[in-house]
Amino acid sequence: MTCEETKLLVADYVSGEMEGSDELAYEAHLDSCPSCRAETSRVDMLWKDLALLPREEPGGAVRGRFYDTLRAYRQGMDAVPQRRWPVWQMAAAAALLLVGIAAGYLVRPGREVAELREEVTSMRQLVALSLLQQQSASQRLRGVSWAYRAEPNDTEVLDALVTAVNHDTSVNVRLAAVDALHTFAASPATRRAIVESLPRQNTPLVQVALIDLLVDLKEREGTKELRALTVGDSVNDGVKQRALWALEKLQ
Amino acid sequence: MKKLLMMTTLTALASFPLRAQEKLTVPFRDPSMPRQLVVDAMLGAIQVTGYNGQEVIVESTAGTEGPFRGPRGKQTPVPPGMKRIGGNNAGLDVTEENNTVRISTGLWSARSDVKVQVPVQTSVRVKTMTGQQVRIENVNGEIEVENMNGEVNVLNVSGSVVAHSANGKITVSLNNAAIDKPMSFSTMNGDIDVTLPAAMKANLVMKTENGGIFTDFDMQIDSTARAPKVVDNRPKGGRFSIRSDRATHATINGGGPEIQFTSFQGNILIHKK
Amino acid sequence: MNEVRAGQVGQMAILFERHHRALFRYFVSMHRDRELAEDLVQDVFFRMLRYRASFDATHSFTAWMYQIAHNASLDHMRKQRGNIVDIDEFAERRPEFASQAPGPEEAAVRKQDLKLLGRALDLLPDDKRELLILSRFQGMKYEDIAAVLQCEAATVKVRVYRAVRALEQLFLGLEKEKVS
């Protein structure tokens, strides 16, 4: 057994899940390898300590509620267990309701469908493009937010957004750019760009955002790239799960 | 403390060798123009603090061995009777160009922690790979931090903050926010804990896959943004767009520049100062 | 469970007495919210009552129960997503270990270590924490965990390895913070 193999099996060994024959091979390696020995004893301590963590005990009410439910059930009533509404949840729900009624809150500026005259359009394009090349991440974020106001067929702004998604040095700008691509959903160029961008990303948050976008757009052309993510070696677990979910949704 | 006078007006780029356990002072070319500090791909804890001065003071301390494996700088021992010429023992390259002081890892980098002091009015950009903390305090300017595997702490600052940590908690505390500057915070696996001035106007976009959103602000929630929405205004000469329902949209104090909070596994906490 | 399935609903009480504490611990470790944990325990037992016909005796009961528990967790989180909650609630949801003190053999130093370990466990991403809870706390075998999480047993093996690694890193990182 090599060190590489041993490292992968540490958890197995300390948890006692290992087969007898494998155990022998494992221990044989430990005999000759002080670093694996040290690692094993570290993980073993951790494993043992986990069992020593204080255990939470349920309060007395739990049993009472269960037996009430059981009794009601047996009496043929398909009674839903009494759910206590935590106080804060009621307050939050009430607050939301009030806020909804009070209207007049500010929606995202610029999202309204406004009448676009030519000079306004080109000004917005200019602002978006120049902001997207700015030095600071905050200014580039502003560029992305201006991109929302561009015409849906504005290829220059779309190109700039795609460039941002693929090449911007800031994770946060890439994320915002992916979000902005929703506005260009009608364009097949957008869909193509998203599919092509997916294999080039290795930041998990951006990968997840792109996957979500594919699902939102119901874009089936991305299945090959999605599948590649589910089996990739260095792909983050969360991303893998997301890709699996996306493949299901896009069937 | 070793002070190095900058006499390189001829060359645009000035280089400063920094040895471990030493302090280095780097002036900005033009202290009256906007200043920037960039710290790149370090393998140690990074601390940037604003102070009452005009120059950048860099100090590197040999880091203690940590559990996180990174390339360990190999120092070839000096043969007896000889001495090392030049060479950058701490593995740091420090340069100044056009009012930007840049500190980056050399090729042979031993794990070292870096402490930097900058004039309070300085923009700061830090990008690092380590599992250590990045801490920025008492600075006014545009602040950007990307930490792959450690905590990000940006405290007692003013201006704008854009921060990302793949596997650590982000804690930010703003005294004054620059008007009309968007901000963004993102983590894969850490909480996002941000304190904003109580009177700040902003549009908040909050999204967390597996965590909660908590605040003591009075937020006006845009509940129309929750339902998935396909808007097809093309017949009216408008646009076709899809608005995702995954984020929660809200405004504080009537609305303003956008602040994005995105986390996969973490909670989002927004405190009012 | 077979008896319950056959109509002896009263036998559910025995299952309850046997399993509700462990189930409660599972939910508390996952969500750090005792009230929620109690609600979810009720939810799981109710679902088991309701869907008892679907229990397949050839498979492990615990695997089936935790499958239901896992789904109940996910359902809850899906509903909660995007809700804005008062900030005081956050502090309430992260209680220090209130109940049972560790055994008499613990020295004061160990107690500190355990606190850090608990903290590290809390800081783990949900899926990794769940794996450790199921394998270490509930003592489930890899095949059973695979049934709960709907994946291959071999995958569970790898994921447990990753979870232990991640826990180790977090714990050591926290230790280092304490010292510095």
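Which residues have the most contacts inside the largest nonpolar core? They are A:Leu161 and A:Ala177, in a core of 101 residues. This is a predicted model, in which local features need pLDDT of at least 70, side-chain atom pairs count only at pLDDT 80 or more, and totals for chains, interfaces and linings use all residues. Residues are numbered from 1 along each chain as its sequence is written, while chains are lettered from A and ligands numbered from 1 in the order in which they are written.

A nonpolar core is here a set of buried Ala, Val, Leu, Ile, Met, Phe, Trp, Tyr and Cys residues joined through C-beta atoms within 7 Å. A residue is buried if 20 or more other C-beta atoms, placed from the backbone, lie within 10 Å of its own, exposed if 12 or fewer, and partly exposed in between. Helices (H or I, at least four residues) and strands (E, at least two) are DSSP runs, numbered from the N terminus. Another core, of 52 residues, lies apart from the largest one and includes A:Ala11, A:Trp47, C:Val41 and C:Val160. In soluble globular proteins, nonpolar side chains tend to be buried together.

Where chains A and C meet, 34 residues of chain A and 43 residues of chain C take part in the contact (two residues are in contact if their C-beta atoms, placed from the backbone, lie within 7 Å). On the side of chain C, α3(C) provides the largest share, nine residues. By class, this side of chain C has 23 nonpolar, seven polar and 13 charged residues; Ala, Val, Leu, Ile, Met, Phe, Trp, Tyr, Cys and Pro count as nonpolar, Asp, Glu, Lys and Arg as charged, and the others, Gly among them, as polar.

Chain C itself contains nine helices and one strand, and 37% of its 180 residues count as buried. Its helix α3(C) comes within 9 Å of helix α4 (residues 61-80) of chain C, axis to axis, and the two cross at roughly 125 degrees. That angle makes α3(C) oblique to α4(C). Axes are lines fitted to C-alpha atoms, for helices over the stretch in contact, and angles run from 0 to 180 degrees between N-to-C directions. Angles under 35 degrees count as roughly parallel, over 145 as roughly antiparallel, 65 to 115 as roughly perpendicular and the rest as oblique. Among the residues that meet are C:Leu40 and C:Val44 in α3(C), and C:Met65 and C:Ile68 in α4(C). Seven nonpolar, two polar and two charged residues make up this contact.

Helix α7(C) is largely enclosed by the rest of the structure, because nine of its 12 residues are buried. Its buried residues include C:Leu131, C:Leu132 and C:Ile133, along with the charged C:Lys128 and C:Arg129. After α7(C) comes C:Gly139, which has a positive phi, near 60 degrees.

In chain A, helix α1 (residues 3-15) packs against helix α3 (residues 34-52) at an angle of about 25 degrees, with the axes 9 Å apart. The helices α1(A) and α3(A) are therefore roughly parallel to each other. Residues that meet include A:Val10 and A:Ala11 in α1(A), and A:Val43 and A:Trp47 in α3(A). The contact of α1(A) with α3(A) divides into eight nonpolar, three polar and three charged residues.
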